[in-house]
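Visitor: Please take me closely through one part of this model, the place where two of its chains meet, and tell me how each quantity is defined as you go.

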Amino acid sequence: MGNMITVTVNGKEHSGGVEGRTLLVDYLREHLGLTGTHIGCDTSSCGACTIHMDGKAVKSCTVLAVQADGSEVTTVEGLANNGSLHPIQEGFKEEHGLQCGFCTPGMMMTATDLLKNNPNPTEDEIRHALEGNFCRCTGYHNIVKSIQYAAKKMQSPA
Amino acid sequence: MTNYIGKSVKRVEDKRFITGQGKYTDDIKLNGMMYGYFVRSPYAHAIVKSINIDRASKMPGVNKILVGADIPEAIAGVPCGWQVDFKNGDTMKEPPHPLLVRKKVRHVGDGVAFVVAETRAQAKDAADEVDVDYEILDAVTCPKKATEEGAAQVHEDAPGNLCFDWELGNPKDEVAAAMAAAAHVTELDFSNQRVVPNAIEPRSAIGHYDTAYDKYTLYTSTQNPHLIRLLMCAFVLGIPEHKVRVIGPDVGGGFGSKIFHYAEEALVTWASKELGCPIKWTADRSESFLTDAHGRDHVSNAKMGFDSEGKIVALQAYTYANLGAYLSTFAPAVPTYLHGTLMQGLYTTPKINVDVKAAFTHTCAVDAYRGAGRPEATYLLERLIDLAALEMDMDPAELRFKNFIPAFDGVEQEGYTTQVALQYDSGNYDPVLKRALEMVGYEEFRKEQAAQSNGKLLGIGFSTYIEACGIAPSAVVGALGARAGLFEVAQVRVQPTGKVSVFTGAHSHGQGHETTFAQIVADRMGIGIDDVEIIHGDSDSVAFGMGTYGSRSLAVGGSAIVNSIDKVLEKGAKIAAHLLEASADDLEYAEGKWTVKGTDKSVSFGDVSLTAYVPHNYPEGLEPGLDFNAFYDPANFTYPFGAHVAIVEVDKETGEVKLKRFIAVDDVGNVINPMIVDGQIHGGLAQGIGQAMHEGTVYDETGQLINGSYMDYCMPRADDLPSFEIDRTVTPCPHNPLGVKGAGEAGCIGSTPAVVNAVIDALWKGGFKVKDVPMPMTPERVWTAMNN
Amino acid sequence: MIPNSFEYKRANSVEEAISLMTEDAQVLGGGHSLIPALKLRLNNPGTLIDISKIDALKTIGDNEKSVTVGGGATHAAIANDAALAKHVPMMGQAAREIGDIQVRNVGTIGGSIAHADPAADWPAVLLASNASVVISNKDGKREVDIDQFFLGFYDTALEEGEIITAIRIPKTAANQHSCYVKFKQPASRFAIVGCAAALDLEGGTVKDARVALTGAADSAYRVKSVEKALIGNSFNLDLIHSAVGDVTEGKSIMSDHYASEKYRAHLASVYVKRALKKLL
């Protein structure tokens, strides 16, 4: 397992050896057992594997695990804070933004990146921001509403 | 009184999904598990001359490489669950579908070898080193061409590539006579292209043989674990059913593609015993494109005749249906009993004939995909009627009103008997279209359309559809060739403390059963929703089940739950009567307690359930316990209907189509959870719109799927779609206890023709009188339609 | 989904990266062209030299006469850069049209142009902006004029053992008045055609013009016939219509199931017009 890496995932430091070819998504799922991050395609298209690396949404199927050495990674498992749901998680539940749940982690990770850079996006901006995330269940209608819910919530914390 | 039914209760299943704790098959890791990877044919049709595994077998981590010859003869191929015989009575052609091919590959992606290794990467590395020598043969991919003289043959024992031919409705000569007398006939040659279901979770299966118990467990991404167990045990592996447990854990979408029993499931199950370790296989997306059963793929010609008033007098439809290389589980039913039977639509058409030829081709198998047959029927009817309106210069909405079947509730008025073998349960069709027109602002829209002058063409398209779902009365489908019953099973187990566990055979993979079913149970039993748990997806805990497809879970599975609850409450009343020293007939049950009518004497549900399990003071002769199951076999299909309207803008310069608005008014009968029903409609709409505008396989003449990835196959994305404008009417189903009809497929069935009709309308209004733009309506196709 | 095995080497400086170069090595930048190809095993290097951690490659420098964009600058960084927005607006426009949020966060301009996908966005923009490509190799540095950089189908002037360290974009009047428009392949969202145009207008007259197309042919190219027809004339709608004729003349036009040769050529002329109209 030629390459030693240290990655901080959801606030916890992990060290271990990986093959050069190991994708970050496989490292998260297979090495760390964080199976909330999903794999939906092999062409870097669907976005199911989206995580945050050093604060930015990235497709973890298109980053080598070795490239994450020294990075801070947040996955869906790290979205909630001390047991209280992140507003985006709340939004997806309140607005029925998920059905089968498979694309949901990636959707939420992309949406949080969007809201960080654009706290009050228009519907068009939300739809454009989801270009790299496929959902086959919801027709995106309620995903848009979920993100609007979170945007509102994040602007006026309870 | 209802506390939950009819309310948008937030989903109980969401918590695990939004926190990343969903458990899908590929998330499961078992001790000592090995990983499988398939060597698949890169050719559509070829003879496998030799397979050399020497080099691959020596690769690091490789445990075993299986080829077709390694599989005992006693293991049969993948079975088909529906038999449709030829018109002349000859038996349907049913060629074998082996787990791994031995001599000949018949589509790109056909399984040739299965490599098992310690890691997935090692399995793939070794798979790349398996050396297969192929002799490439000619291929055929189009179902019509497949039946022509000289076409490449898929199976030796299916001459002319014909699996069966089939016909339904009035005799052809009667239809022809009515057509000849028609004042106007609209005719259309078109195809309903092949699409790929594309559940975002790729298929995955883990086989695990436990020597201690002599028992197999199959974890699989399926819509119906019991059905998989039945098919795999009885028809493929010949293992006793009680020695196999099938678990469908969280499943990331199915849309039909995960109904079917696939070779991979049987292979990992069998191999786990042979190799002595659990084996996991998960498809790459490229593999999903090549091996998940596809949907649609019809090539059709249809004629609709009208009298001078615009009343439809006849319909004749001819369809070539593509079955792919092998018969998938329900494939024969899709172009026949799920398609031909819907040719009445919402109209009073007196003469109808539908003629289908089902052909094998060198392509991936075709089977049910969201709607299954009904979208194809709706597409045919709704394209014809909209086109007829343009040709006859009539308003397309008016033309429909003129032809709608008058309202009937199925109780006071009898169900409507069609020319094509169905009896609709209840229907009231004017209001859905009226409501849709109101939402559109139809008159205003037509004015805006006429005034449009910015290089864009505005168009509006309609679709008024009916579907047959709530699948299905077993005896009826049995008579039509189904090799299984289509009832559903529920068990309501009241725990001693009054908490309720409900076991359902209807698997949930996005539909929200864990919430909707709990709403029903909580209301019917008068308890809190938190006191109810819905369990599904495990053949060892759920007695039996036929699964989730055909918009059947609530209508059939929900009804089974209701019947189980009735049994629980009936027995509970006996226990309550004993405790209250009253007659059971004098009791009424409401809000979780039995009360002696006209008194304040009552006993709670919890006290009764405790008594059932601690039967010290107990009715004589009554069994302890409070646990009942029910098998519900529906009396009829259910028939949701609706009106869909699309508004599009076509860029004259590029042919690009923008979907500006989409209005859907659906009637799915009674609604338990409006939020979830809306969600089902939204998702269906996106898939139906996707077929109209974006999706479709492209096979080249050698049988290569040239758009088998997301870089080439266009999935609808958020910015391809508008927010949907939806509403509904409620016409209850008269024959099931919940009055529900089903909502899973409606959006997908109604929407596709509305979008195409809107583009055709835009083109006609812009002076381009074209009859058809083939789906998907890519910019180039629309541009070509304007520039021919 | 799983690449073939390779040796991974991380470089902490450009010099180190160059020193690590061997015959079977490839450079890993953002990886958003390379890793997808590795996963499908369409590309199987023996060694990957990771330059994604070299901070010096990520900077965008606002100089007196040019803006220099580090080869490792991400599309997102370019989209959000103030100097580029001011001096070369088409850079930001193009950056925002590339891929999706996640791709833009990691994919780099250097990686993209080294890959030279015929349907990528940057080649058209850089051709229209009269950029130059700064390349490092074991002998030092060389700077290649963008007109000499894209040589053909996935082919560039980059030699073995070389790394793109920066793209230099001159601050010109034309670049200040520039735009990029794109007709997307609906699935991949790469360009079926993309047109970048930069016009130097003086008193309403076109003093200089650079117009480039991507997606249409096997490599992005400048549409010199249009440039010539524009220069010296007063810029208006009539000029656009008369200047834009067959913009694919002499080119071998690509064809696929989304766009035939004929349709692609048609779109190319539509998009050249649309780009120019945006500059009216």
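Guide: Buried area here is the accessible area, taken with a 1.4 Å probe, that two parts lose on being put together, summed over both. By that definition, the area buried between chain C and chain A is about 2,500 Å², and carbon and sulfur atoms give 55% of it. This is a predicted model, in which local features need pLDDT of at least 70 and side-chain atom pairs count only at pLDDT 80 or more, while totals for chains, interfaces and linings use all residues. Residues are numbered from 1 along each chain as its sequence is written, chains are lettered from A and ligands numbered from 1 in the order in which they are written, and side-chain values use heavy atoms, with hydrogens and water left out.

With contact taken as heavy atoms within 4.5 Å, chain C contributes 33 residues and chain A contributes 33 residues. On the side of chain C, the residues that lose the most area to chain A are M1(C), I101(C) and Q102(C), which together account for 25% of what that side buries.

Turning to the charged pairs, a salt bridge is a side-chain nitrogen of Lys or Arg within 4 Å of a carboxyl oxygen of Asp or Glu, and between chain C and chain A the count is 4 salt bridges. In one salt bridge, the side chain of K184(C) meets that of E131(A), at 3.3 Å from N to O.

As for secondary structure, helices (H or I, at least four residues) and strands (E, at least two) are DSSP runs numbered from the N terminus. On the side of chain C that touches chain A, at least two residues each come from β1 (7–10), α2 (34–39), β3 (47–50) and α6 (101–106), and α6(C) gives the most, with 6 residues. By class, that side of chain C holds 13 nonpolar, 10 polar and 10 charged residues, where Ala, Val, Leu, Ile, Met, Phe, Trp, Tyr, Cys and Pro count as nonpolar, Asp, Glu, Lys and Arg as charged, and the others, Gly among them, as polar.
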